[in-house]
Amino acid sequence: GGPGYGQGPAGDAFVTVSVRPHPVFVQDGINIEVELPITFDEAVLGTKVEVPTIEGAVVMTLPKGVSSGHRMRLKGKGIAGGDQFVRLRIVLPEKIDKRMEELAAGWREHASFDPRKELRRNT
């Protein structure tokens with residue numbers, strides 16, 4: 001702050017800044033988090049997807065076989081050198097067509113994958 005009244009010593013200036021929540025981004029210190037919806041085929045096959053950042057969209061590569069909840073980092077895309085973290089969420093269409101049902105039924109018939117196996121071991 002500047003000099004005080006009546007030749008008093010310089011004081012401090014206090015400023016309060018409020019940041020409203022953003023509909024897409026969540027701030028965590030200097031880091032930014034975003035949830036990115038992806039399709040079933042993008043998760044299974046892997047692909048390149050466009051991801052929004054606070055400075056504009058960038059392209060990120062999804063690895064094959066990625067699951068919902070997987071967290072990926074975009075280094076330096078946060079605030080003041082922080083990072084952006086992208087949490088993936090697999091989203092299915094509202095209406096499942098016959099071909100998708102057949103694909104899922106065929107996979108279920110031949111798959112030996114059990115995503116809840118660890119839960120049963122630990123209970």
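## The largest pocket

About 830 Å³ of space lies in the largest pocket. Keep in mind that this is a predicted model. Twenty residues, written 20 in the count, line the largest pocket. Nearest its centre you'll find F40, V44, A104, W107 and F113.

Which elements give two or more residues to the lining? Those are helix 1 (40-45) and helix 2 (98-110). Helix 2 gives the most, putting seven residues into the lining of the largest pocket.

Over to the strands: four of them make up an open sheet, and its order reads 1-2-6-5. The pairing in this sheet is mixed. Strand 1 (26-28) and strand 5 (71-74) are the edge strands, so to speak the two ends of the row, each pairing on one side only. On average, neighbouring strands of the sheet are turned by 30 degrees against each other, with direction ignored.

Quick reminder: strands of a sheet pair through backbone hydrogen bonds, in either a parallel or an antiparallel way.

## Strands 5 and 6 up close

How do strand 5 and strand 6 (residues 84-90) pair, parallel or antiparallel? The sense is antiparallel, and the pairing runs over four bridges. Within this pairing, L74 stands opposite Q84 in strand 6.

There's a side-chain contact to look at here too. R71 lies over the face of F85, and the distance from the ring centre is 3.9 Å.

## Aromatic rings

A pair of aromatic rings is described by two things, the distance of the centres and the angle of the planes. How many aromatic pairs turn up here? The count comes to zero, with ring centres having to lie within 6.5 Å to pair.

How values were computed: Residues numbered from 1 in each chain as written. Predicted model: local features only at pLDDT ≥ 70, side-chain atom pairs only at ≥ 80, totals over all residues. Heavy atoms only, no water. Pairing = 2+ DSSP bridges. Axes fitted to C-alpha atoms, helices over the stretch in contact; angles between N-to-C directions. 1 Å grid on protein atoms, 1.4 Å probe; cavity = no way out; pocket = protein on both sides within 12 Å on 5 of 7 lines; lining within 4 Å. Points joined across faces, edges and corners; volume = space filled by probe spheres on them. Phe/Tyr/Trp six-rings, centres within 6.5 Å; stacked < 30°, edge-to-face > 60°. Lys NZ or Arg CZ within 6 Å of the ring centre and 35° of its normal.
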